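Please look at the sequence and the model before reading on.

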Amino acid sequence: MKPAPSVVTPRQLFLRHQAQTSDFPLLLEIERAEGVYMYAPDGRRYLDLISGIGVSNVGHRHPRVLAAIQAQLDKYLHLMVYGELVQAVPAQLAQALHHTLPAHLDSVYFTNSGTEAIEGALKLAKRHTGRTELISCLNAYHGSTHGALSITGSEGFKNSFRPLLPDVRHIRHNELTDLDFITERTAAVVIETVQGEAGVRVPSPDYLPALSARCTEVGALLILDEIQCGYGRTGTMWAFEQFGIEPDILVCAKGMGGGMPIGAFISSTEIMSGFKTNPILGHCTTFGGHPVSCAAALATLQIMQDEQLPAGVAAKAARFRAQLRHPAIRAVRGCGLLMAVEFDSFAVLKPIIDRALEHEGILTDWFLFCDNSLRLAPPLTIAENEIDEACAALLRAIAFVTGE
């Protein structure tokens with residue numbers, strides 16, 4: 001007989017049996033969360049300034065999201081693979097999303113995550129155009145699955161996993177001269193409307209319109225990745241609304257689920273119909289459009305609209321900017337509540353992040369491709385007093401680390 005296992009803590013189980021993604025996980029144990037706060041088993045409170053990396057746009061455990069989940073739990077869970085059975089909530093969510101978008105974006109394909117939505121969008125572009133070349137930007141991040149990784153613009157993240165997709169080209173973000181690389185060979189250009197992991201890089205007013213015009217000129221599709229910058233985070237429901245363009249395919253995830261896993265790629269019925277024939281089931285997923293996730297996402301969208309959360313983003317971002325002033329801060333970049341606070345180096349930033357977490361109860365982060373900048377992406381529900389609390393704590397951490 002096997003001896004009875006000794007009692008182990010969740011932390012020990014995490015380290016012993018759960019696959020790790022780095023040698024230095026945060027190891028912050030959380031027992032519950034609500035609003036903008038997360039709570040440790042000992043009751044210590046942490047103010048979440050990164051929303052689970054852009055996920056908790058309506059805060060943690062919004063009561064209306066919980067109610068929608070419970071209502072769907074009382075009906076059914078998974079019934080069938082994607083696209084075969086008529087289920088009310090996914091259909092209602094697709095219609096509600098369409099109503100927030102330009103008229104031609106009327107067909108929604110639900111996935112389980114952002115990287116899966118990128119995969120579907122890449123396949124759709126190839127299927128529709130009959131072309132193979134994919135173009136994306138240097139320092140772009142689009143996900144970790146093979147296709148999404150192929151168009152991610154950082155060699156350091158890709159070298160260990162080659163060979164990846166062939167016929168991928170990278171151009172410089174916000175460089176008009178590089179648009180000449182988009183040709184009649186190009187199936188699609190995939191771009192974050194506002195670059196996230198590059199450290200929140202907002203394109204100049206003329207760049208995205210010129211990019212869109214070039215795609216139209218050569219017959220390439222424009223795929224906008226709004227996985228991180230969409231769903232109200234920049235101050236409009238969709239970031240592209242601020243740049244005078246419309247995508248052929250829109251990709252979203254993260255903030256759309258209210259904390260539940262869901263993503264989508266959205267296009268026209270004409271383009272999306274390519275998945276129905278040659279071959280049949282040109283794209284399929286078992287759990288995409290899961291009714292519980294769709295119920296949470298529908299409630300999240302309704303909360304965004306009813307509470308007018310995007311409309312309040314600009315004032316909240318301005319409140320952060322007004323207070324985050326210190327000699328060590330080199331710049332504050334941002335678009336709405338997607339912000340980057342720049343320091344001289346990672347060597348300066350990392351102790352600030354650690355101090356803020358350990359002594360101030362403030363959870364922040366840096367960016368994959370910009371490790372000298374602090375990430376600010378709080379829930380859109382954050383209140384003025386919570387912004388003030390966060391800024392005061394960050395300034396104390398900066399002062400302690402820098403001695404200024």
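How many residues does helix H13 have, and how far does H13 reach from its first C-alpha to its last? In this predicted model, helix H13 covers residues 384-402, which is 19 residues. Its reach is 27 Å, close to the 27 Å expected at 1.5 Å a residue.

**Helix H13**

The buried residues in H13 are Glu 386, Ile 387, Ala 390, Cys 391, Ala 393, Leu 394, Ala 397 and Ile 398. They sit on the same side of H13 because the arc they cover around the axis is only 165 degrees. Asn 385 and Phe 400 are exposed and lie on the face of H13 turned away from its buried side. Among the elements covering the buried residues of H13 are helices H11 (313-323) and H12 (346-360). Strands E2 (37-39), E3 (45-48), E13 (362-363) and E15 (370-376) also contribute to that cover. After H13 comes Gly 403, whose phi is positive, near 75 degrees.

**Helix H4**

Helix H4 spans residues 88-98, and its buried residues are Val 89, Pro 90, Leu 93, Ala 94, Ala 96 and Leu 97. Viewed down the axis of H4, these buried residues fall within an arc of 165 degrees, so they line one face of the helix. The cover over them includes helix H3 (63-73), strand E4 and helix H10.

Is strand E10 mostly covered or mostly open? Strand E10, residues 263-267, is mostly covered, with five of its five residues buried. Gly 263, Phe 265 and Ser 267 point one way from E10, while Ala 264 and Ile 266 point the other way, and all are buried.

| Strand paired with E10 | Sense | Bridges | A residue pair across the strands |
|---|---|---|---|
| E4 (residues 107-111) | antiparallel | five bridges | Ser 107 opposite Ser 267 |
| E9 (residues 249-252) | antiparallel | three bridges | Leu 250 opposite Ile 266 |

In soluble globular proteins, nonpolar side chains tend to be buried together. Here the largest nonpolar core has 93 residues, and those with the most contacts inside it are Phe 110, Leu 211 and Phe 320. Helix H10 (residues 291-306) gives the most to this core, with ten residues. Which residues does Leu 211 contact, leaving aside its neighbours within four places in sequence? Leu 211 is in contact with Leu 179, Ile 182, Val 189, Ile 191 and Leu 222. There is also a second, separate core of 23 residues, which includes Ala 121, Ala 188, Ile 223 and Ile 249.

**The chain as a whole**

The secondary structure of the protein chain comes to 13 helices and 15 strands. The chain has a radius of gyration of 22 Å, close to the 22 Å that the globule rule gives for 404 residues, so it is as compact as a globular protein of that length. Its C-alpha trace spans about 60 × 60 × 50 Å along the principal axes. Of the 404 residues in the protein chain, 51% are buried. Among contacts in the chain with a separation of 6 or more, 72% are between residues 24 or more positions apart.

Terms used
Residues numbered from 1 in each chain as written. Predicted model: local features only at pLDDT ≥ 70, side-chain atom pairs only at ≥ 80, totals over all residues. Heavy atoms only, no water. Helix = DSSP H or I, 4+ residues; strand = E, 2+ residues; numbered from the N terminus. Expected span 1.5 Å × (residues − 1). Buried < 20%, exposed > 50% of the residue type's maximum accessible area, 1.4 Å probe, protein only. Arc of directions from axis to C-beta. Contact = heavy atoms within 4.5 Å. Core = buried A, V, L, I, M, F, W, Y, C linked by side-chain atoms within 4.5 Å. Pairing = 2+ DSSP bridges. Rg over C-alpha atoms; globule rule 2.2 N^0.38 Å.
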